[in-house]
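Have a look at the picture first, then read on.

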Amino acid sequence: MADDYLVRIGKLIRDARQHRGWTQSQLADALGTSQSAVNRIERGNQNISLEMIARIGEALDSEIVSLGYAGPMHLRVVGGRRLSGAIDVKTSKNACVALLCASLLNKGRTVLRRVARIEEVYRLLEVLNSIGVRTRWINDGVDLELIPPARLDMEAMDADAARRTRSIIMFLGPLLHRMDSFRLPYAGGCDLGTRTIEPHMIALRRFGLDITATEGIYHAKVVPGISPDRPIVLTERGDTVTENALLAAARHDGVTVIRNASSNYMVQDLCFFLEALGVRVEGVGTTTLTVHGVPSIDVDVDYSPSEDPVEAMSLLAAAVVTESELTIRRVPIEFMEIELAVLEEMGLDHDRSAEYNADNGRTRLVDLTVRPSKLEAPIDKIHPMPFPGLNIDNVPFFAAIAAVAQGQTLIHDWVYDNRAIYLTDLNRLGGRLQLLDPHRVLVEGPTRWRASEMMCPPALRPAVVVLLAMMAAEGTSVLRNVYVINRGYEELAERLNSVGAQIEIFRDI
């Protein structure tokens with residue numbers, strides 16, 4: 001029992017340190033102890049006095065550590081408030097996690113600018129740290145530096161952190177070039193039903209990667225002398241599947257052609273990063289990618305991932321459901337054009353600025369001003385398609401938008417098994433959503449939202465949709481256990497408060 005408490009306290013200290021943007025060495029200096037002692041404390045391998053807990057709490061300015069409670073985070077939302085002003089879109093969550101995995105290709109120093117400070121990134125950093133990659137937040141915690149070891153210690157991998165992120169699957173592509181065999185825990189992430197990794201296996205077998213699965217572990221073995229002798233045709237145009245194939249092709253000594261590739265925003269950012277590493281990629285933005293791999297990559301690289309179109313859609317939906325005028329800055333317009341075309345047909349009143357480049361020099365951005373609008377339900381159903389279609393992750397936000405429009409909207413979320421089911425949680429807030437089958441929801445609008453207290457859905461985008469509806473509902477709502485939101489959004493409550501929302505973060509004591 002004592003060991004269990006030590007582990008829990010260690011995790012609290014680790015989370016507070018990372019939130020502060022400190023390394024273990026920085027915390028050790030503040031405490032007058034060694035980095036190895038801090039490492040033992042965070043792993044739960046060292047007895048720790050109440051005095052030391054208090055000192056750590058003071059050093060990290062973290063009441064959580066000093067009080068010692070580790071309960072889940074909740075949100076208390078006072079709804080019915082109008083938003084106003086301007087808010088910036090943060091860098092892409094999905095691009096950032098792909099680039100963290102891609103850093104394993106490089107023997108040199110990787111610096112990623114304005115990395116999203118989200119739980120998904122923290123889990124991957126925990127995994128990278130555990131296998132020997134040195135990471136630190138620099139420039140006042142804005143940017144991230146990664147320096148790999150000469151040899152990765154795969155046996156020391158933090159399996160708990162790995163199981164909490166599906167992004168761990170993107171370790172397969174880089175690792176097949178670094179070792180003859182290795183093991184990875186089963187991938188986790190959102191609860192979105194069965195999500196097979198067979199498309200990954202089909203693509204990576206062409207590079208000699210053979211995988212067997214036993215007792216929650218992928219056992220990977222690299223068969224030497226095998227390389228693609230013809231184009232790789234992906235069996236699904238998935239984002240992570242394409243990224244894994246790209247990561248495998250990047251250090252393959254030769255030319256790899258990938259067909260039926262995703263051309264979505266995170267894939268394009270990965271291609272731009274690979275080019276910065278010296279890998280030539282032809283066909284970026286199309287469904288056929290030609291990768292001119294290099295067998296060894298040892299460069300110091302500095303890269304700025306672009307903004308997140310799904311976060312942009314979240315902020316747009318917040319303005320729509322709260323009937324607000326809001327300017328959303330740094331919107332990656334290329335990946336929002338279909339959504340805006342649909343919303344224009346529904347009657348959305350908005351303006352957009354002239355285009356300008358993101359910090360990566362490639363992605364096109366605009367500033368978007370949304371005004372209160374009388375929306376009508378679309379004639380056609382809302383359904384996702386691979387880019388350049390309506391983004392799969394933007395579909396849930398149309399449930400909240402359709403709920404404030406006049407008429408019936410059919411939403412067909414055909415990609416995921418469970419996600420449409422979670423959208424019916426809006427009924428707890430006054431919505432009128434009818435689940436037709438596990439993939440189709442009929443939304444009746446307009447809605448008179450009402451406050452409620454409820455658990456957060458276990459899927460990221462439906463969870464944010466519930467939060468947006470609470471912002472529109474008169475009265476006080478409570479959304480419990482919002483870890484899933486923190487997986488994909490950096491300080492979302494605080495940022496929404498900056499434009500007029502009233503959202504309080506609290507924990508059970």
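Helices (H or I, at least four residues) and strands (E, at least two) are DSSP runs, numbered from the N terminus. The expected span of a helix is 1.5 Å times one less than its number of residues. Keep in mind that this is a predicted model, where local features need pLDDT of at least 70 and side-chain atom pairs count only at pLDDT 80 or more, while totals for chains, interfaces and linings use all residues. Residues are numbered from 1 along each chain as its sequence is written, and side-chain values use heavy atoms, with hydrogens and water left out.

Start with helix H12, residues 265-276: its twelve residues reach 17 Å from first C-alpha to last, close to the 16 Å expected at 1.5 Å a residue. Ten of the twelve are buried (under 20% relative accessible area, with exposed over 50%, partly exposed in between, 1.4 Å probe, protein chains only). Among them are Tyr265, Asp269 and Phe272. Just after H12, glycine 278 takes a positive phi of about 100°.

Now the cysteines. There are zero disulfides, meaning pairs of cysteine sulfur atoms within 2.5 Å. The sulfur of cysteine 101 is 11 Å from the closest cysteine sulfur, in cysteine 96, so it is too far for a bond.

| Cysteine | Relative accessible area |
|---|---|
| Cysteine 101 | 0% |
| Cysteine 456 | 11% |

Finally, an open sheet of four strands runs in the order E21-E22-E1-E23, with mixed pairing (two strands pair if DSSP finds at least two bridges between them). Strands E21 (453-455) and E23 (503-507) are the edges, each pairing on one side only. E1 (residues 73-79) and E22 (residues 475-480) pair in the antiparallel sense over five bridges, and valine 77 stands opposite serine 477 in E22.
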